[in-house]
Amino acid sequence: MVRKRMIAGVALVAAAGLALSACSTGAPQAASGTTDTINAELWYAPATFDPAKASASSDVTVARLGFDTLLRQGETEGYIGGLATDWSSTSASDYTFTIRDDATCSDGTPITPTVVADSFGYLVGLDDSGAQTWKNQAFGSGTPTFTPDDAAGTLAISLSAPYSQMLGGLTRPGSGIICPAGIADPEGLAAGTVAGAWSGPYTLSESAAGKSVQYELRDDYDAWPAWENVEGKPAKTINLTVQADSNTSANLLESGGVDLARFYDANAQRFEGDGYSTVTFASSAYNLVFNQAPGAGSVFEGNQDLRAAVAQAIDREGFNAAGLDSLGVEQNTVNAASYRCALDDSSLVQSYDPAAAAKVLNGKTIRLLMMSNWDPAADFLAESLRAAGATVTVSAPDPADWTKQMRTQPETWDVAIAAENAEAGLIDTSIARYLGPTYAQGGTNVASSDNPEGVADYEAGMSATDPDEQCADFEAAQKTILERVDMAPLITDTHRYVAREGFASYVFSGYWDISAMRITS
């Protein structure tokens, strides 16, 4: 059976896929040092090149090529400098960054603390759900104040509400620094046509709508993070073609039609021999989200027993087999167990019990929302609920509409399957998907749940400066979410990025970074 891909939803994620375009060579290249090009793939086409508005997985991926962030993930733990060379904090509300003095925009404009502050101001000021997510990841729920000192080379950031996770938030691609030319032309920025918008190593050189994008390495770029174990040279040209079918990706990788490819399924096992290298990472945390928005007509508003019954109706092993060839791992909280402060207690999750579920679900009508291209998983979930006696209608819009419905149209769905980004390592962002203010209220709570106890625990973790205290508070917040069944965790998928001989890619603290793809021979 040809399986369709299940893609991360970010904060999380995706767009829509077509076929290999002429942007790729279409034929094998010798891995002998004769090429300066990397041919790779995207599962979906980018919907925007504005990093602040990136909500689909492909948007987030290409944002890393074009826009540098203040900090980056460390290779094994912690953070390393991006555009910042030094950083410090006096509390969970006050931070200071020293901005490197040799970084420039793609039009030669120096990247000063004022340029960074203006980019952050643009992000914070956007009325856009994607930007709202990035703003909350970067600066928390409060209002940030940016004070640049170009003479001293520093940027001070003060927050109206404590946010202990800001350093991690400023590694995320959506906080990438947009240069002045891009901010001056938001429409051109989104279309990728502003030549001077880019702060990162690559600029967009070609874009075929729905098919492919091509990036060129800047001749003047010399602001790479101080990675210790990255070997090889950056490609001068990166071709990214849209390919939604895993079998086709595997065939192209074997033939040399692409140099690197990402797999979530058993196709990765075709490349376990000599001639290929593989890096692995947790990619997506698959959760059921229960819509509890007041007055939206959802059957789950105020009905914890019904929410629990849905969780009991789903065999997580069966879901894993249907969508991920059983290569995922059990998940017991809002995100992957590899996350710092993740609560990994299976006793808080409903066990598979279809008989008990049927006693509650029989005769209920449930609107299931999921993204297009998730066919096996959609069929499995819908049929599991129908087997328990529920009438199920399935809506599977494209990723942009899926994101919009989840965040801003609660009247259209009852339960949704969401794929949380499992690479970032920021458990607070996943917690905030299930408590606190909704998107309409300036937050990120897609469940529209009312959980004051969890909010109190969450806010305590956001204010704590001691790492152990942070985890204790965040674990307590997760416990309230699981006990209330505001969401039901399913599985975390492990992705494998495979490179053929002569090419390599790298994972940093669980995060695969496209800008670290290299030509090694």
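**Ground rules**

I number residues from 1 along each chain as its sequence is written, and my side-chain values use heavy atoms, with hydrogens and water left out. As the model is predicted, local features need pLDDT of at least 70 and side-chain atom pairs count only at pLDDT 80 or more, while totals for chains, interfaces and linings use all residues. My helices (H or I, at least four residues) and strands (E, at least two) are DSSP runs, numbered from the N terminus.

**Entry 1: disulfides**

I searched the whole structure for disulfides and got two. I count a pair of cysteine sulfur atoms as a disulfide when they lie within 2.5 Å.

I took Cys105 and Cys179 to begin with; they are joined S to S at 2.1 Å. The link of Cys105 and Cys179 is left-handed, with -95 degrees about the S-S bond. What does this pair tie together? Cys105 sits in the loop between strand 5 (94–99) and helix 2 (113–125), and Cys179 in the loop between helix 4 (166–169) and helix 5 (180–184), so the bond ties together parts 74 residues apart in sequence. I checked accessibility too: both Cys105 and Cys179 are buried, where buried means under 20% relative accessible area, exposed over 50% and partly exposed in between (1.4 Å probe, protein chains only).

Then I looked at Cys341 and Cys471, whose sulfur atoms are 2.0 Å apart in a disulfide. Cys341 is in the loop between strand 13 (329–330) and helix 10 (354–361), while Cys471 is in helix 15 (residues 467–484), so I have a link between distant parts of the chain, 130 residues apart. The torsion about the S-S bond of Cys341 and Cys471 is about -70 degrees, so this disulfide is left-handed. I find both Cys341 and Cys471 buried.

Counting bonded cysteines along the chain, I write the pattern as 1-2, 3-4.

**Entry 2: the 4-5-7-6 sheet**

I traced an open sheet of four strands in the order 4-5-7-6, with antiparallel pairing. I call two strands paired if DSSP finds at least two bridges between them. Which strands stand at the edges? They are strand 4 (84–91) and strand 6 (144–149); each has a single partner strand, so one side of each is left without a neighbour in the sheet. The twist averages 15 degrees from one strand to the next. My axes are lines fitted to C-alpha atoms, for helices over the stretch in contact, and angles run from 0 to 180 degrees between N-to-C directions.

Strand 6 pairs with strand 7 (residues 154–159) in the antiparallel sense over six bridges. I noted Thr154 in strand 7 as the bridge partner of Asp149. Helix 2 lies across strand 5, strand 6 and strand 7, and runs at about 165 degrees to strand 6.

**Entry 3: the 1-10-9-8 sheet**

I found an open sheet of four strands in the order 1-10-9-8, and its pairing is mixed. Strand 1 (37–42) and strand 8 (202–208) are its edge strands, each pairing on one side only. Here I get an average twist of 20 degrees from one strand to the next. Strand 9 (residues 212–217) and strand 10 (residues 237–242) pair in the antiparallel sense over five bridges, and Glu216 stands opposite Thr237 in strand 10.

**Entry 4: strand 11**

How is strand 11 (residues 260–263) covered? Both faces are: I see Leu260 and Arg262 buried on one side, and Ala261 and Phe263 buried on the other. Four bridges join strand 11 to strand 17 (residues 487–500), and the two run antiparallel. Phe263 has Arg496 in strand 17 as its bridge partner.

**Entry 5: helix pairs**

Helix 14 (residues 452–463) packs on helix 15 at about 160 degrees, with the axes 8 Å apart. I therefore log helix 14 and helix 15 as roughly antiparallel to each other; angles under 35 degrees count as roughly parallel, over 145 as roughly antiparallel, 65 to 115 as roughly perpendicular and the rest as oblique. Among the contacts (heavy atoms within 4.5 Å), helix 14 brings residues including Tyr458 and Met462, and helix 15 brings residues including Phe474 and Thr480.

The axes of helix 8 (residues 304–313) and helix 10 come within 8 Å and cross at roughly 140 degrees. That makes helix 8 oblique to helix 10.
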